[in-house]
Amino acid sequence: MRTLCINLKTPQESSCAEAFLHLSPRVQYRYPHYVFVEMESTAYLFGGEEGLLTKALEIAVKFSNDPSVAISDTPAAAQVFARWRPLFICPVGKEHEGFRGLGLDALKDLEGLHPWPQKRPVEHMISFFHTLGVHGLEGVHGFRLNSLRERWGDFGVLLWNRLHSQDAQVISPLIPRDPLVGYGYFDDPIGAVSLLMARFKTNFNVLFARLEGLSRYAAKLELTLHCEYSDRRYNIVIEPITPTRDQALFEDLLEKKLAQLKLENPIREYEISVLDVAEKIQQLDFFEPRDNSEDRWRRLISFARQSNCEMGFLQQEASHFPEQSFRLVTDWPEDFKPQDLVERNEQALQVKSVYAKGLASSPRPSLLLEKPQALNASEVQSLKFVSSLPSERIESSWWQVSVQDLKNRDYYFALSHQGQLLWVFRDRINSQVYLHGYFD
């Protein structure tokens, strides 16, 4: 069993192990700052053990400024190498060779998933070996099992087993149970947005690293700020247009919201919680970039929503009247899926981008007035109608006929005196002419 040990060096919550589920389903946390990963069956996914070790280090730096990692056959030896030989990958079946050159203090780290019950017996053992003239780990490795058992009993047997890769320590699959929450307390209250964001950065790194390990997306982030001199609280909700793991987006949206607050009463503590949803699975073409126009558009809409601005796409609706045949949506329309037109001319290729497949053939104007504008007699006389017959007729049922409803219309194409193509209709009840749109 090949094992990766991550020594984060600073005390961590047990939930930090979830971030390493990206490497393997068999992950185990050990107090106060160790994470062990069984990686024998998943190393090939990262191009081998060296690639997996590099990926583990990338995740670990989100929790600690100076983590160390190592790979060996057993968790106990992996912990020793992570402490005394960072980035070391021990060859299979050669842990005893990796012990060469290590001092006896390394015995304190020969633990793995199960730490020494007490450190004092290990210290006494180190002192005893020094009196025998043994000053390295490889010297202890040469002692026979019976000798260690006679001197230290079960403790000596456990030491011998760990030195000879005989201590069976099984890493079970990790079942996540901890909520995605973060907490912080300031000894000195903070009232500056830049300082608050710097403190939030640590929580964001941890939460989004866990999201990636769990293969989850963040649908909403809630932040509660507790003020120092009163019971006042600021409740901030960040909800992008679509669930995502874009940490930079959440940080940017939060900074914009904080900039709108007047933090005259400084912040003493805060709580962060993330509402997560299942990761959307998208099959990508081999050459398709992951950062596409749709992702950038959703990011832009998310910023607009935080400022109470409406923006999006006009989605066609099944309505009898043109002004009711569209509604504003924020989802990326199917009509906007890029379908490039490829033209071949002898040995040359020309690619023409098509951004909206229905726009070129649309019989209606690209600019439609929300409310038809009535034209006076002089304005109607200045128009040059393209044809005497209507291009489209809209009629309502006879029992719905009303002068004010404009439900009976004959549409025409007309040119203004400036040469602009207009879309107008004549109300068949009162013969009033209305301007309804412009052709771009």
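Contact here means heavy atoms within 4.5 Å.

This is a predicted model, in which local features need pLDDT of at least 70, side-chain atom pairs count only at pLDDT 80 or more, and totals for chains, interfaces and linings use all residues. Residues are numbered from 1 along each chain as its sequence is written, and side-chain values use heavy atoms, with hydrogens and water left out.

**View A. V433 sits in strand β18 (residues 433-438).** Helices (H or I, at least four residues) and strands (E, at least two) are DSSP runs, numbered from the N terminus. V433 counts as buried because its relative accessibility is 5%; buried is under 20% relative accessible area, exposed is over 50%, and partly exposed lies in between (1.4 Å probe, protein chains only). Skipping residues up to four places away in sequence, V433 touches Q373, A374, L375, V380, V424, F425 and R426. Y411 lies 22 residues from V433 in sequence, and their C-alpha atoms are 9.6 Å apart.

**View B. S68 belongs to strand β4 (residues 68-72).** S68 comes out at 2% relative accessibility, so it counts as buried. Look for its side chain reaching the backbone oxygen of A82 at 2.7 Å. Once neighbours within four places in sequence are set aside, the residues in contact with S68 are C5, I6, N7, K9, A82 and P86.

**View C. Strand β4 is largely enclosed by the rest of the structure, because five of its five residues are buried.** On one side of β4 you'll find S68, A70 and S72, while V69 and I71 point the other way, and all are buried. β1 and β4 run antiparallel and are joined by five bridges; strands count as paired if DSSP finds at least two bridges between them. One spot to check is L4, whose bridge partner in β4 is I71.

**View D. Helix α2 (residues 75-84) is mostly covered.** Eight of its ten residues are buried, namely P75, A76, A77, A78, Q79, V80, F81 and A82. The cover over these buried residues includes strands β1 (3-7), β2 (27-30), β3 (34-38) and β4, plus helices α3 (95-98) and α7 (154-163).

**View E. Four strands make an open, antiparallel sheet in the order β5-β8-β6-β7.** The edges are β5 (181-190) and β7 (233-238), each pairing on one side only. Neighbouring strands in this sheet are turned by 15 degrees against each other on average, direction ignored. Axes are lines fitted to C-alpha atoms, for helices over the stretch in contact, and angles run from 0 to 180 degrees between N-to-C directions. Helix α8 (residues 193-214) lies across β5, β6 and β8 (267-278), at about 25 degrees to β8. Helix α9 (residues 247-259) lies across β6 and β7, at about 140 degrees to β7.

**View F. L223 is part of strand β6 (residues 216-227).** With 1% relative accessibility, L223 counts as buried. Six bridges join β6 to β7, and the two run antiparallel; in β7, L223 has I236 as its bridge partner. The C-alpha atoms of L223 and N235 are 5.9 Å apart, although the two residues are twelve residues apart along the chain. Leaving out residues up to four places away in sequence, L223 touches F200, Y234, N235, I236, L254, Y270, E271 and I272.

How values were computed: A polar contact is a pair of N or O atoms within 3.5 Å; within protein, one must be able to donate a hydrogen and the other to accept it, and residues adjacent in sequence count only if both atoms are side-chain atoms.
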